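Reader: I am new to this structure and would like to learn how to read its features one at a time. Could you take me through them, giving the general idea before the case?

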Amino acid sequence: MSEEEVNEEGSVFHKKLKIKLKEKGKEGRILFLKDYLDYLIRDNKTIPPDFPTFVREIMGLDERQG
């Protein structure tokens, strides 16, 4: 397992997230998002309105590039 730190400075998430990924790189980020969505759906949780922004930040598709 690798640990990646997502720097949230200048984002809508005003803190750093420490995420344990099952795999490194893009594939690990995709697995993390799949697991998170699975958790939300299985437990009948409401998907946060800022979810698309969260996904962009996790995947590095925003201006910070991950």
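Author: Let us start from a single residue in this predicted model: Phe 54 is buried, with a relative accessible area of 13%, and it counts as buried because that value falls under 20%. The ring of Phe 54 also takes part in a pair with the ring of Tyr 36, and since their centres are 5.6 Å apart and their planes stand at 55°, the pair is tilted.

Reader: How many aromatic pairs are counted in total?

Author: The count comes to five aromatic pairs. One of them joins Phe 32 and Phe 54, which are 6.3 Å apart from centre to centre with 55° between the planes, and this pair is tilted. Phe 32 lies in H1, residues 25–42, and Phe 54 in H2, residues 51–59, so this pair ties together parts that are 22 residues apart in sequence. Phe 32 is partly exposed, with a relative accessible area of 23%.

Reader: Which residues do the ring pairs link into a cluster?

Author: The cluster consists of Phe 32, Tyr 36, Tyr 39, Phe 51 and Phe 54. Leaving aside residues up to four places away in sequence, Phe 51 touches Tyr 36 and Leu 37.

Reader: How should I think about a nonpolar core, and which residues form the largest one here?

Author: The general idea is that in soluble globular proteins, nonpolar side chains tend to be buried together. In this model the largest nonpolar core has five residues, namely Leu 33, Phe 51, Phe 54, Ile 58 and Met 59, and H2 gives the most to this core, with four residues. Over the whole protein, buried residues make up 27% of the 66 residues.

Reader: What should I look for in a helix, and which residues of H1 are buried?

Author: An α-helix has 3.6 residues a turn, so residues three or four places apart point the same way. In H1 the buried residues are Gly 28, Arg 29, Leu 33 and Leu 40. Viewed down the axis of H1, these buried residues fall within an arc of 135°, so they line one face of the helix. The face turned away from that buried side carries the exposed residues Lys 34, Ile 41 and Arg 42. As for length, the 18 residues of H1 should span 26 Å at 1.5 Å a residue, which agrees with the 26 Å between its end C-alpha atoms.

Reader: What does the backbone do after H1, and is Asn 44 buried or exposed?

Author: Most residues other than glycine have a negative phi, and most peptide bonds are trans. Asn 44, which follows H1, has a positive phi, near 55°, and Asn 44 is found in the loop between H1 and H2. Asn 44 is exposed, with a relative accessible area of 72%.

Reader: In what order do the elements run from the N terminus on?

Author: The secondary structure comes to two helices and two strands, and the order from the N terminus is β-β-α-α. Among contacts between residues at least 6 apart in sequence, 36% join residues at least 24 apart.

Definitions and conventions. Residues are numbered from 1 along each chain as its sequence is written. This is a predicted model: local features need pLDDT of at least 70, side-chain atom pairs count only at pLDDT 80 or more; totals for chains, interfaces and linings use all residues. Side-chain values use heavy atoms; hydrogens and water are left out. Rings of Phe, Tyr and Trp (its six-membered ring) pair if their centres lie within 6.5 Å; planes under 30 degrees apart count as stacked, over 60 as edge-to-face and the rest as tilted. Buried means under 20% relative accessible area, exposed over 50%, partly exposed in between (1.4 Å probe, protein chains only). The expected span of a helix is 1.5 Å times one less than its number of residues. The arc is that of the directions from the helix axis to the C-beta atoms. Contact means heavy atoms within 4.5 Å. A nonpolar core is a set of buried Ala, Val, Leu, Ile, Met, Phe, Trp, Tyr and Cys residues joined through side-chain atoms within 4.5 Å.
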